[in-house]
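Me: I am new to this structure. Please take a close look at one part of it for me.

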Amino acid sequence: MTTNGDGRPQSTTPPQSTTPPQSTTPPQSTPILDQAFDAGSLYTLRAAVAAHATQAGLTPGRADDLVIAVHELAANAVRHGAGHGRLRIWRSDQALRCEITDDGVPDAKDAENAENAAPEAQAPEWRTEPGHGLSLVRQVADHISLSSGRGGTSATISFALAASGPPFRLDWHQADGCIVLTVTGPLDLASAAEFSRTIANLLSESESENENGNVKLILDLAQLAGWDSVGLAALITAQQQVSATPGARMILAALPAHLEQHLREADLNDRFTLADSPATAAKTI
Amino acid sequence: MTVSADTQITDLTVNDHACLTFGESEELFDLTAAFVRDGLDGGLKVVWLSDATPDRATAELARRGIAVAEALASGQLVAASYEGRLLAGQVFSAGQAMTWLAAEMATAGTQGLRLAVDMSWALGPVSGVEQLPEFEEKVAAAVTGTTVSVLCQYDRERFDPVTLASVAAFHTRSVAAATYHADVMLRICRQYAPPGIRLAGELDYQAADSLALALTEAIRLEGDVTINMAPLAFIDVSCARMILDAARGLNPSTPPRRVILRCRPGLAARFVLLGAADIPALSLVTVDDH
(Lines give C-alpha, C1' and ligand atoms only; values in the text may rest on other atoms or scores of the structure.)
Protein backbone atom coordinates (compact mmCIF):
# COMPACT_ATOMS: atom_id res chain seq x y z
CA MET A 1 0.00 0.00 0.00
CA THR A 2 1.71 3.22 -1.09
CA THR A 3 0.84 6.78 -1.95
CA ASN A 4 0.33 7.99 -5.45
CA GLY A 5 1.60 11.21 -7.00
CA ASP A 6 -0.62 13.65 -5.16
CA GLY A 7 -0.03 12.00 -1.81
CA ARG A 8 -3.54 10.59 -1.42
CA PRO A 9 -3.60 7.14 0.15
CA GLN A 10 -4.41 4.26 -2.16
CA SER A 11 -5.62 2.37 0.83
CA THR A 12 -8.49 -0.06 0.96
CA THR A 13 -9.13 0.92 4.57
CA PRO A 14 -11.98 3.31 5.38
CA PRO A 15 -11.15 6.94 4.62
CA GLN A 16 -11.33 9.58 7.32
CA SER A 17 -14.91 10.60 7.88
CA THR A 18 -14.06 14.11 9.06
CA THR A 19 -11.12 16.45 8.87
CA PRO A 20 -8.33 15.30 11.18
CA PRO A 21 -7.09 17.71 13.84
CA GLN A 22 -4.46 20.21 12.85
CA SER A 23 -0.93 19.23 13.71
CA THR A 24 1.02 21.62 15.88
CA THR A 25 3.41 22.52 13.07
CA PRO A 26 1.64 22.16 9.75
CA PRO A 27 4.15 20.94 7.19
CA GLN A 28 4.28 22.43 3.73
CA SER A 29 5.91 19.56 1.90
CA THR A 30 4.32 16.41 0.52
CA PRO A 31 4.46 13.44 2.87
CA ILE A 32 6.47 10.40 1.76
CA LEU A 33 3.73 8.22 3.24
CA ASP A 34 0.06 9.01 3.79
CA GLN A 35 -1.97 6.03 4.88
CA ALA A 36 -5.25 5.45 6.67
CA PHE A 37 -5.42 2.58 9.15
CA ASP A 38 -7.80 0.61 11.31
CA ALA A 39 -7.52 -2.58 13.38
CA GLY A 40 -7.37 -4.79 10.30
CA SER A 41 -4.58 -2.86 8.59
CA LEU A 42 -2.01 -2.37 11.37
CA TYR A 43 0.15 -5.07 9.81
CA THR A 44 0.25 -3.35 6.42
CA LEU A 45 0.87 -0.05 8.21
CA ARG A 46 3.93 -1.53 9.95
CA ALA A 47 5.20 -2.99 6.68
CA ALA A 48 4.83 0.39 4.92
CA VAL A 49 6.60 2.24 7.75
CA ALA A 50 9.46 -0.29 7.75
CA ALA A 51 9.92 0.08 4.00
CA HIS A 52 9.92 3.89 4.10
CA ALA A 53 12.18 4.05 7.16
CA THR A 54 14.81 1.91 5.47
CA GLN A 55 14.42 3.81 2.21
CA ALA A 56 14.92 7.12 4.04
CA GLY A 57 18.20 5.87 5.47
CA LEU A 58 17.39 4.87 9.04
CA THR A 59 19.61 2.06 10.29
CA PRO A 60 17.88 -1.33 10.79
CA GLY A 61 17.67 -0.79 14.56
CA ARG A 62 16.19 2.69 14.22
CA ALA A 63 13.77 1.46 11.55
CA ASP A 64 12.49 -1.16 14.04
CA ASP A 65 12.14 1.60 16.63
CA LEU A 66 10.10 3.74 14.24
CA VAL A 67 7.84 0.77 13.47
CA ILE A 68 7.06 0.05 17.14
CA ALA A 69 6.51 3.76 17.89
CA VAL A 70 4.07 4.20 15.01
CA HIS A 71 2.35 0.91 15.83
CA GLU A 72 1.79 1.86 19.48
CA LEU A 73 0.35 5.28 18.59
CA ALA A 74 -1.83 3.83 15.82
CA ALA A 75 -2.99 0.95 18.04
CA ASN A 76 -3.90 3.55 20.65
CA ALA A 77 -6.11 5.35 18.15
CA VAL A 78 -7.72 2.05 17.19
CA ARG A 79 -8.27 0.77 20.73
CA HIS A 80 -8.92 3.92 22.73
CA GLY A 81 -9.83 6.49 20.11
CA ALA A 82 -11.89 6.55 16.96
CA GLY A 83 -11.04 3.00 15.96
CA HIS A 84 -9.21 4.27 12.90
CA GLY A 85 -6.76 7.02 12.01
CA ARG A 86 -4.26 8.37 9.57
CA LEU A 87 -0.47 8.27 9.44
CA ARG A 88 1.62 10.76 7.52
CA ILE A 89 5.42 10.79 7.36
CA TRP A 90 7.51 13.71 6.11
CA ARG A 91 11.17 13.62 5.42
CA SER A 92 13.51 16.56 5.88
CA ASP A 93 17.29 16.64 5.59
CA GLN A 94 17.64 15.99 9.29
CA ALA A 95 14.73 13.82 10.33
CA LEU A 96 11.65 11.77 9.63
CA ARG A 97 8.55 13.30 11.18
CA CYS A 98 5.49 11.11 11.69
CA GLU A 99 2.04 12.34 12.54
CA ILE A 100 -0.65 9.94 13.73
CA THR A 101 -4.09 11.54 13.86
CA ASP A 102 -7.41 10.26 15.01
CA ASP A 103 -10.57 12.27 14.46
CA GLY A 104 -12.14 10.95 17.64
CA VAL A 105 -15.33 9.87 15.87
CA PRO A 106 -15.73 6.11 15.92
CA ASP A 107 -17.34 4.44 12.92
CA ALA A 108 -20.19 2.18 13.97
CA LYS A 109 -18.13 -0.80 12.77
CA ASP A 110 -14.98 0.37 14.55
CA ALA A 111 -16.82 1.09 17.77
CA GLU A 112 -17.73 -2.57 18.05
CA ASN A 113 -14.11 -3.56 17.65
CA ALA A 114 -12.42 -0.94 19.79
CA GLU A 115 -12.13 -1.55 23.51
CA ASN A 116 -13.88 1.14 25.52
CA ALA A 117 -14.12 3.18 22.37
CA ALA A 118 -17.37 4.95 23.06
CA PRO A 119 -16.64 6.84 26.30
CA GLU A 120 -13.12 7.76 25.31
CA ALA A 121 -14.08 8.88 21.85
CA GLN A 122 -16.17 11.61 23.46
CA ALA A 123 -13.25 12.89 25.50
CA PRO A 124 -10.11 11.74 23.72
CA GLU A 125 -6.97 12.02 25.75
CA TRP A 126 -3.57 10.37 25.88
CA ARG A 127 -3.46 7.78 28.57
CA THR A 128 -0.18 6.90 30.24
CA GLU A 129 -0.91 4.05 32.59
CA PRO A 130 1.04 0.77 32.40
CA GLY A 131 0.05 -1.29 29.41
CA HIS A 132 0.01 1.75 27.22
CA GLY A 133 2.89 1.94 24.80
CA LEU A 134 3.57 5.63 25.28
CA SER A 135 6.48 5.16 27.68
CA LEU A 136 8.23 2.98 25.12
CA VAL A 137 7.54 5.53 22.39
CA ARG A 138 9.26 8.15 24.55
CA GLN A 139 12.26 5.85 24.90
CA VAL A 140 12.73 5.20 21.19
CA ALA A 141 11.67 8.46 19.52
CA ASP A 142 13.88 11.56 19.54
CA HIS A 143 10.94 13.87 20.12
CA ILE A 144 7.27 13.40 20.77
CA SER A 145 4.40 15.82 21.07
CA LEU A 146 0.81 14.97 21.79
CA SER A 147 -2.30 17.04 21.51
CA SER A 148 -5.96 16.33 21.89
CA GLY A 149 -9.17 18.24 21.65
CA ARG A 150 -12.73 17.98 20.48
CA GLY A 151 -11.47 17.24 16.96
CA GLY A 152 -9.57 14.15 18.09
CA THR A 153 -5.96 13.46 18.95
CA SER A 154 -2.69 14.01 17.19
CA ALA A 155 0.74 12.60 18.00
CA THR A 156 3.91 13.71 16.31
CA ILE A 157 7.18 11.87 16.68
CA SER A 158 10.49 12.53 15.01
CA PHE A 159 13.46 10.34 14.29
CA ALA A 160 16.72 12.07 13.39
CA LEU A 161 18.49 10.77 10.32
CA ALA A 162 22.09 9.88 11.20
CA ALA A 163 24.65 12.41 10.08
CA SER A 164 27.85 10.87 8.77
CA GLY A 165 30.40 10.57 11.52
CA PRO A 166 33.16 8.36 12.82
CA PRO A 167 32.42 4.62 12.95
CA PHE A 168 31.88 2.80 16.22
CA ARG A 169 34.95 2.01 18.27
CA LEU A 170 35.85 1.33 21.90
CA ASP A 171 39.07 2.36 23.67
CA TRP A 172 39.91 1.97 27.32
CA HIS A 173 42.69 2.92 29.70
CA GLN A 174 43.30 2.99 33.44
CA ALA A 175 43.46 6.36 35.21
CA ASP A 176 43.41 7.13 38.95
CA GLY A 177 42.24 3.61 39.77
CA CYS A 178 39.37 3.88 37.33
CA ILE A 179 38.76 2.21 33.98
CA VAL A 180 37.87 4.83 31.39
CA LEU A 181 36.01 3.33 28.44
CA THR A 182 35.67 5.74 25.52
CA VAL A 183 32.73 5.05 23.20
CA THR A 184 32.95 6.61 19.74
CA GLY A 185 30.24 6.54 17.07
CA PRO A 186 26.74 5.03 17.27
CA LEU A 187 25.79 2.51 19.96
CA ASP A 188 23.21 0.43 18.11
CA LEU A 189 22.08 -2.92 16.77
CA ALA A 190 25.38 -3.29 14.94
CA SER A 191 27.68 -2.37 17.83
CA ALA A 192 25.85 -3.08 21.09
CA ALA A 193 26.95 -6.73 21.32
CA GLU A 194 30.63 -5.68 21.24
CA PHE A 195 29.95 -3.00 23.86
CA SER A 196 28.20 -5.51 26.15
CA ARG A 197 30.98 -8.09 25.75
CA THR A 198 33.59 -5.46 26.60
CA ILE A 199 31.73 -4.32 29.72
CA ALA A 200 31.33 -7.93 30.89
CA ASN A 201 35.04 -8.61 30.30
CA LEU A 202 36.16 -5.44 32.09
CA LEU A 203 33.96 -6.28 35.06
CA SER A 204 35.15 -9.88 35.36
CA GLU A 205 38.84 -9.04 34.79
CA SER A 206 38.86 -6.18 37.26
CA GLU A 207 37.02 -8.29 39.79
CA SER A 208 39.55 -11.12 39.59
CA GLU A 209 42.51 -8.68 39.76
CA ASN A 210 41.04 -6.77 42.67
CA GLU A 211 39.91 -9.00 45.52
CA ASN A 212 37.81 -6.27 47.04
CA GLY A 213 35.90 -5.76 43.82
CA ASN A 214 35.34 -2.01 43.79
CA VAL A 215 35.47 -1.75 40.01
CA LYS A 216 35.17 1.91 39.01
CA LEU A 217 34.03 2.28 35.43
CA ILE A 218 33.81 5.64 33.67
CA LEU A 219 32.17 5.72 30.25
CA ASP A 220 33.53 8.68 28.28
CA LEU A 221 30.63 9.38 25.92
CA ALA A 222 31.74 12.74 24.43
CA GLN A 223 32.06 11.08 21.00
CA LEU A 224 28.90 8.98 21.29
CA ALA A 225 26.90 9.75 18.12
CA GLY A 226 23.58 8.33 19.34
CA TRP A 227 21.74 5.13 20.10
CA ASP A 228 18.84 3.02 19.00
CA SER A 229 16.79 0.93 21.44
CA VAL A 230 19.35 -1.89 21.30
CA GLY A 231 22.14 0.53 22.28
CA LEU A 232 20.04 2.12 25.00
CA ALA A 233 19.16 -1.33 26.35
CA ALA A 234 22.87 -2.22 26.35
CA LEU A 235 23.57 0.84 28.55
CA ILE A 236 20.75 -0.14 30.93
CA THR A 237 21.99 -3.74 31.08
CA ALA A 238 25.57 -2.56 31.71
CA GLN A 239 24.35 -0.43 34.62
CA GLN A 240 22.43 -3.39 36.01
CA GLN A 241 25.49 -5.65 35.77
CA VAL A 242 27.58 -3.04 37.56
CA SER A 243 24.92 -2.64 40.25
CA ALA A 244 24.86 -6.42 40.72
CA THR A 245 28.66 -6.51 41.20
CA PRO A 246 29.53 -5.77 44.84
CA GLY A 247 31.49 -2.52 45.19
CA ALA A 248 31.37 -1.76 41.46
CA ARG A 249 30.28 1.65 40.20
CA MET A 250 29.73 3.24 36.80
CA ILE A 251 29.46 6.89 35.73
CA LEU A 252 28.40 8.19 32.32
CA ALA A 253 30.71 11.12 31.58
CA ALA A 254 30.37 13.91 29.00
CA LEU A 255 27.10 12.58 27.59
CA PRO A 256 26.16 14.92 24.69
CA ALA A 257 23.38 17.32 25.70
CA HIS A 258 20.77 16.00 23.26
CA LEU A 259 21.27 12.43 24.52
CA GLU A 260 21.09 13.56 28.14
CA GLN A 261 17.83 15.31 27.32
CA HIS A 262 16.55 12.13 25.67
CA LEU A 263 17.36 10.11 28.82
CA ARG A 264 15.35 12.62 30.87
CA GLU A 265 12.39 12.59 28.49
CA ALA A 266 12.45 8.78 28.46
CA ASP A 267 12.43 8.84 32.26
CA LEU A 268 15.65 6.82 32.35
CA ASN A 269 18.01 9.41 33.86
CA ASP A 270 17.45 8.08 37.39
CA ARG A 271 19.03 4.80 36.39
CA PHE A 272 22.43 6.37 35.74
CA THR A 273 24.99 8.60 37.44
CA LEU A 274 26.10 11.38 35.10
CA ALA A 275 29.17 13.63 35.18
CA ASP A 276 30.31 16.56 33.02
CA SER A 277 33.67 15.04 32.18
CA PRO A 278 35.82 11.96 32.86
CA ALA A 279 37.92 14.08 35.26
CA THR A 280 34.87 15.11 37.31
CA ALA A 281 33.70 11.51 37.27
CA ALA A 282 37.05 10.27 38.59
CA LYS A 283 36.77 12.66 41.56
CA THR A 284 33.24 11.68 42.50
CA ILE A 285 33.15 7.97 41.74
CA MET B 1 -7.99 -19.95 18.40
CA THR B 2 -7.64 -23.68 18.01
CA VAL B 3 -6.14 -26.08 20.49
CA SER B 4 -5.41 -29.44 18.96
CA ALA B 5 -7.41 -32.27 20.47
CA ASP B 6 -4.62 -34.72 19.61
CA THR B 7 -2.50 -36.56 22.13
CA GLN B 8 0.52 -34.63 23.36
CA ILE B 9 3.93 -36.06 22.50
CA THR B 10 4.71 -36.29 26.21
CA ASP B 11 1.72 -38.62 26.77
CA LEU B 12 3.08 -41.50 24.68
CA THR B 13 3.76 -44.79 26.46
CA VAL B 14 5.02 -48.28 25.63
CA ASN B 15 3.48 -50.15 22.70
CA ASP B 16 2.03 -46.98 21.22
CA HIS B 17 2.20 -46.82 17.45
CA ALA B 18 1.65 -43.11 17.04
CA CYS B 19 1.22 -40.96 13.96
CA LEU B 20 2.87 -37.56 14.35
CA THR B 21 1.99 -34.78 11.92
CA PHE B 22 4.15 -31.69 11.77
CA GLY B 23 4.13 -28.48 9.75
CA GLU B 24 7.78 -27.43 9.62
CA SER B 25 11.19 -28.80 10.50
CA GLU B 26 11.45 -26.78 13.74
CA GLU B 27 8.30 -28.51 14.95
CA LEU B 28 9.59 -31.93 13.90
CA PHE B 29 12.87 -31.41 15.78
CA ASP B 30 11.06 -30.08 18.85
CA LEU B 31 8.59 -32.95 19.06
CA THR B 32 11.27 -35.53 18.32
CA ALA B 33 13.50 -34.06 21.04
CA ALA B 34 10.69 -34.49 23.57
CA PHE B 35 10.10 -38.10 22.40
CA VAL B 36 13.85 -38.86 22.63
CA ARG B 37 14.23 -37.10 25.99
CA ASP B 38 11.38 -39.03 27.63
CA GLY B 39 12.69 -42.30 26.15
CA LEU B 40 16.23 -41.76 27.43
CA ASP B 41 14.88 -40.68 30.83
CA GLY B 42 12.88 -43.92 30.95
CA GLY B 43 16.00 -46.00 30.27
CA LEU B 44 14.79 -47.12 26.83
CA LYS B 45 16.90 -47.52 23.73
CA VAL B 46 16.00 -44.73 21.29
CA VAL B 47 16.43 -44.88 17.52
CA TRP B 48 15.61 -42.03 15.11
CA LEU B 49 15.62 -42.53 11.37
CA SER B 50 15.43 -39.30 9.38
CA ASP B 51 16.54 -37.74 6.16
CA ALA B 52 18.77 -35.36 8.12
CA THR B 53 22.35 -36.58 8.40
CA PRO B 54 23.04 -38.27 11.77
CA ASP B 55 25.29 -35.31 12.75
CA ARG B 56 22.58 -32.77 11.97
CA ALA B 57 19.95 -34.87 13.72
CA THR B 58 21.96 -35.20 16.93
CA ALA B 59 22.98 -31.51 16.81
CA GLU B 60 19.30 -30.53 16.64
CA LEU B 61 18.59 -32.75 19.67
CA ALA B 62 21.56 -31.30 21.58
CA ARG B 63 20.35 -27.77 20.84
CA ARG B 64 17.12 -28.67 22.63
CA GLY B 65 18.80 -29.81 25.81
CA ILE B 66 19.23 -33.55 25.13
CA ALA B 67 22.51 -34.99 26.49
CA VAL B 68 23.30 -36.67 23.18
CA ALA B 69 27.03 -37.27 23.70
CA GLU B 70 26.59 -39.67 26.61
CA ALA B 71 23.60 -41.43 25.04
CA LEU B 72 25.41 -41.89 21.71
CA ALA B 73 28.56 -43.15 23.44
CA SER B 74 26.64 -45.73 25.47
CA GLY B 75 24.62 -46.81 22.44
CA GLN B 76 21.33 -45.87 24.13
CA LEU B 77 20.67 -43.36 21.32
CA VAL B 78 21.10 -44.02 17.61
CA ALA B 79 20.44 -41.47 14.87
CA ALA B 80 20.64 -43.08 11.45
CA SER B 81 19.72 -42.80 7.80
CA TYR B 82 17.18 -45.00 6.00
CA GLU B 83 19.74 -46.89 3.94
CA GLY B 84 20.01 -50.55 4.90
CA ARG B 85 17.11 -50.11 7.31
CA LEU B 86 13.97 -49.01 5.49
CA LEU B 87 15.52 -48.61 2.07
CA ALA B 88 17.95 -50.43 -0.16
CA GLY B 89 18.99 -47.69 -2.55
CA GLN B 90 15.74 -46.31 -3.93
CA VAL B 91 13.76 -49.45 -3.20
CA PHE B 92 11.35 -49.94 -0.31
CA SER B 93 9.99 -53.32 0.71
CA ALA B 94 7.69 -53.74 3.69
CA GLY B 95 9.10 -57.18 4.32
CA GLN B 96 12.71 -56.03 4.44
CA ALA B 97 11.81 -53.06 6.65
CA MET B 98 10.05 -55.39 9.07
CA THR B 99 13.11 -57.64 9.16
CA TRP B 100 15.15 -54.62 10.24
CA LEU B 101 12.54 -53.61 12.86
CA ALA B 102 12.45 -57.15 14.31
CA ALA B 103 16.23 -57.10 14.64
CA GLU B 104 16.11 -53.73 16.43
CA MET B 105 13.43 -55.02 18.80
CA ALA B 106 15.51 -58.12 19.53
CA THR B 107 18.64 -56.04 20.18
CA ALA B 108 16.84 -53.74 22.59
CA GLY B 109 15.35 -56.76 24.35
CA THR B 110 14.03 -56.08 27.83
CA GLN B 111 15.49 -52.54 27.82
CA GLY B 112 12.59 -51.49 25.62
CA LEU B 113 12.72 -49.44 22.43
CA ARG B 114 11.49 -46.06 21.24
CA LEU B 115 11.66 -45.70 17.49
CA ALA B 116 10.97 -42.47 15.61
CA VAL B 117 10.79 -42.59 11.81
CA ASP B 118 10.61 -39.45 9.69
CA MET B 119 8.48 -40.73 6.80
CA SER B 120 9.70 -38.13 4.29
CA TRP B 121 11.59 -40.90 2.45
CA ALA B 122 8.18 -41.86 1.03
CA LEU B 123 7.97 -38.49 -0.74
CA GLY B 124 10.97 -39.31 -2.92
CA PRO B 125 11.20 -41.38 -6.10
CA VAL B 126 11.19 -44.69 -4.25
CA SER B 127 9.87 -47.88 -5.80
CA GLY B 128 7.68 -49.95 -3.51
CA VAL B 129 6.23 -46.88 -1.83
CA GLU B 130 2.76 -48.37 -2.39
CA GLN B 131 3.66 -50.85 0.39
CA LEU B 132 3.61 -48.02 2.94
CA PRO B 133 0.11 -48.88 4.33
CA GLU B 134 1.14 -52.54 4.50
CA PHE B 135 4.27 -51.56 6.44
CA GLU B 136 2.24 -49.44 8.89
CA GLU B 137 -0.18 -52.32 9.40
CA LYS B 138 2.66 -54.75 10.14
CA VAL B 139 4.30 -52.29 12.54
CA ALA B 140 1.00 -51.99 14.42
CA ALA B 141 0.83 -55.79 14.76
CA ALA B 142 4.49 -56.12 15.74
CA VAL B 143 4.47 -53.62 18.63
CA THR B 144 1.20 -54.78 20.21
CA GLY B 145 1.88 -56.19 23.66
CA THR B 146 5.59 -55.31 23.57
CA THR B 147 7.72 -52.67 25.28
CA VAL B 148 8.29 -51.00 21.92
CA SER B 149 6.75 -47.72 20.80
CA VAL B 150 6.98 -46.35 17.28
CA LEU B 151 6.43 -42.72 16.24
CA CYS B 152 5.84 -42.28 12.51
CA GLN B 153 6.46 -38.67 11.49
CA TYR B 154 4.48 -37.22 8.59
CA ASP B 155 4.90 -33.73 7.13
CA ARG B 156 1.29 -32.60 6.86
CA GLU B 157 2.14 -30.00 4.21
CA ARG B 158 3.84 -32.49 1.89
CA PHE B 159 1.88 -35.70 2.29
CA ASP B 160 -1.43 -35.76 0.49
CA PRO B 161 -4.58 -36.21 2.62
CA VAL B 162 -5.39 -39.56 0.97
CA THR B 163 -2.07 -41.08 2.02
CA LEU B 164 -2.38 -39.64 5.53
CA ALA B 165 -5.90 -41.05 5.84
CA SER B 166 -4.85 -44.47 4.54
CA VAL B 167 -2.11 -44.87 7.16
CA ALA B 168 -3.89 -43.16 10.07
CA ALA B 169 -6.07 -46.20 10.84
CA PHE B 170 -3.02 -48.34 11.71
CA HIS B 171 -1.88 -45.99 14.47
CA THR B 172 -3.04 -46.14 18.07
CA ARG B 173 -2.78 -42.40 18.53
CA SER B 174 -2.30 -39.23 16.56
CA VAL B 175 0.09 -36.61 17.86
CA ALA B 176 0.59 -32.95 16.94
CA ALA B 177 1.92 -29.82 18.59
CA ALA B 178 -0.74 -27.95 20.57
CA THR B 179 -1.50 -24.87 18.50
CA TYR B 180 -3.03 -21.75 20.03
CA HIS B 181 -3.02 -19.50 17.00
CA ALA B 182 -2.20 -20.14 13.36
CA ASP B 183 -2.75 -17.78 10.46
CA VAL B 184 -0.57 -16.20 7.80
CA MET B 185 0.68 -13.57 10.25
CA LEU B 186 1.32 -15.48 13.42
CA ARG B 187 1.78 -18.93 14.86
CA ILE B 188 1.65 -19.66 18.59
CA CYS B 189 2.26 -23.27 19.57
CA ARG B 190 3.48 -25.35 22.47
CA GLN B 191 7.19 -26.14 22.53
CA TYR B 192 8.08 -29.50 24.07
CA ALA B 193 11.87 -29.44 24.35
CA PRO B 194 12.73 -27.33 26.22
CA PRO B 195 9.16 -26.92 27.52
CA GLY B 196 7.38 -23.66 26.82
CA ILE B 197 5.84 -21.94 23.82
CA ARG B 198 7.05 -20.89 20.41
CA LEU B 199 6.01 -17.66 18.70
CA ALA B 200 6.61 -17.05 14.99
CA GLY B 201 5.63 -14.13 12.78
CA GLU B 202 4.20 -10.85 14.08
CA LEU B 203 2.41 -10.58 17.41
CA ASP B 204 0.24 -7.66 18.49
CA TYR B 205 -2.60 -7.05 20.93
CA GLN B 206 -5.14 -8.56 18.55
CA ALA B 207 -3.75 -12.02 19.37
CA ALA B 208 -3.51 -11.34 23.11
CA ASP B 209 -6.14 -13.97 24.00
CA SER B 210 -4.19 -16.72 22.22
CA LEU B 211 -0.97 -15.61 23.90
CA ALA B 212 -2.64 -15.55 27.30
CA LEU B 213 -3.94 -19.10 26.88
CA ALA B 214 -0.55 -20.38 25.68
CA LEU B 215 1.25 -18.70 28.60
CA THR B 216 -1.27 -20.02 31.11
CA GLU B 217 -0.85 -23.59 29.91
CA ALA B 218 2.95 -23.33 29.74
CA ILE B 219 3.14 -22.02 33.30
CA ARG B 220 0.83 -24.77 34.54
CA LEU B 221 3.61 -27.28 33.74
CA GLU B 222 6.47 -27.74 36.19
CA GLY B 223 9.97 -26.39 35.80
CA ASP B 224 11.46 -23.60 33.73
CA VAL B 225 9.46 -22.10 30.88
CA THR B 226 11.10 -21.18 27.58
CA ILE B 227 9.38 -18.57 25.42
CA ASN B 228 11.03 -19.20 22.07
CA MET B 229 10.65 -16.02 20.00
CA ALA B 230 13.59 -16.61 17.66
CA PRO B 231 11.22 -16.72 14.66
CA LEU B 232 9.22 -13.69 15.88
CA ALA B 233 9.75 -10.51 13.84
CA PHE B 234 7.55 -8.12 15.82
CA ILE B 235 5.94 -7.87 19.25
CA ASP B 236 3.97 -4.91 20.51
CA VAL B 237 4.03 -3.45 24.00
CA SER B 238 0.86 -5.09 25.31
CA CYS B 239 2.01 -8.60 24.37
CA ALA B 240 5.56 -7.98 25.63
CA ARG B 241 4.10 -6.78 28.94
CA MET B 242 1.89 -9.86 29.15
CA ILE B 243 4.98 -12.06 28.90
CA LEU B 244 6.85 -9.97 31.50
CA ASP B 245 3.85 -10.11 33.84
CA ALA B 246 3.77 -13.90 33.51
CA ALA B 247 7.46 -14.04 34.46
CA ARG B 248 6.84 -11.67 37.39
CA GLY B 249 4.05 -13.95 38.61
CA LEU B 250 6.46 -16.91 38.80
CA ASN B 251 8.81 -14.98 41.05
CA PRO B 252 7.82 -16.29 44.50
CA SER B 253 7.36 -19.89 43.34
CA THR B 254 8.98 -22.78 45.17
CA PRO B 255 11.15 -24.34 43.93
CA PRO B 256 12.35 -21.26 42.02
CA ARG B 257 11.38 -21.35 38.36
CA ARG B 258 12.85 -19.34 35.54
CA VAL B 259 11.33 -17.91 32.39
CA ILE B 260 13.80 -17.91 29.51
CA LEU B 261 13.08 -15.49 26.65
CA ARG B 262 14.87 -16.40 23.43
CA CYS B 263 14.66 -13.61 20.87
CA ARG B 264 16.51 -11.44 18.37
CA PRO B 265 18.50 -8.44 19.67
CA GLY B 266 15.84 -5.87 18.70
CA LEU B 267 13.13 -7.68 20.66
CA ALA B 268 15.49 -8.35 23.57
CA ALA B 269 16.10 -4.58 23.78
CA ARG B 270 12.34 -3.96 23.82
CA PHE B 271 11.98 -6.31 26.80
CA VAL B 272 14.85 -4.52 28.59
CA LEU B 273 13.24 -1.11 28.03
CA LEU B 274 9.99 -2.51 29.44
CA GLY B 275 11.77 -3.64 32.62
CA ALA B 276 12.88 -7.23 31.91
CA ALA B 277 16.15 -6.88 33.79
CA ASP B 278 14.30 -5.99 37.00
CA ILE B 279 12.61 -9.41 37.08
CA PRO B 280 14.82 -11.92 38.92
CA ALA B 281 13.12 -15.02 37.47
CA LEU B 282 13.71 -13.88 33.90
CA SER B 283 16.65 -14.68 31.60
CA LEU B 284 17.04 -13.03 28.21
CA VAL B 285 18.89 -15.09 25.63
CA THR B 286 19.72 -13.26 22.42
CA VAL B 287 19.78 -15.25 19.19
CA ASP B 288 21.43 -14.02 16.01
CA ASP B 289 19.46 -12.38 13.26
CA HIS B 290 19.25 -14.41 10.12
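How many residues does the contact take from chain A and how many from chain B?

Reply: A word first: this is a predicted model. The contact takes 30 residues from chain A and 21 residues from chain B. A:Arg46, A:Arg79 and A:Leu136 supply 22% of the area that chain A buries against chain B.

Next, the area. The size of an interface is often given as the accessible area lost when the parts come together. Chain A and chain B bury about 1900 Å² between them. Of that, 61% is on carbon and sulfur atoms.

Three salt bridges are counted between chain A and chain B. A:Arg271 forms a salt bridge with B:Asp278. Their closest N and O atoms are 3.1 Å apart.

Which elements give two or more residues to the side of chain A that touches chain B? They are α1 (42-56), α2 (60-80), α5 (134-140) and α7 (229-244) of chain A. The largest share comes from α2(A), with eight residues. By type, the residues of this side of chain A divide into 15 nonpolar, ten polar and five charged.

B:Ala268 lies in helix α9 (residues 265-273) of chain B. B:Ala268 is buried, because its relative accessible area is 7%, under the 20% cut-off. Leaving out residues up to four places away in sequence, B:Ala268 touches B:Cys263, B:Leu284 and B:Thr286. B:Ala268 and B:Met229 are 39 residues apart in sequence and 9.7 Å apart in space, C-alpha to C-alpha.

Conventions: Residues numbered from 1 in each chain as written. Chains lettered and ligands numbered in written order. Predicted model: local features only at pLDDT ≥ 70, side-chain atom pairs only at ≥ 80, totals over all residues. Heavy atoms only, no water. Helix = DSSP H or I, 4+ residues; strand = E, 2+ residues; numbered from the N terminus. Buried < 20%, exposed > 50% of the residue type's maximum accessible area, 1.4 Å probe, protein only. Contact = heavy atoms within 4.5 Å. Buried area = accessible area lost by both parts, 1.4 Å probe. Salt bridge = Lys/Arg side-chain N within 4 Å of Asp/Glu carboxyl O. Nonpolar A, V, L, I, M, F, W, Y, C, P; charged D, E, K, R; others polar.
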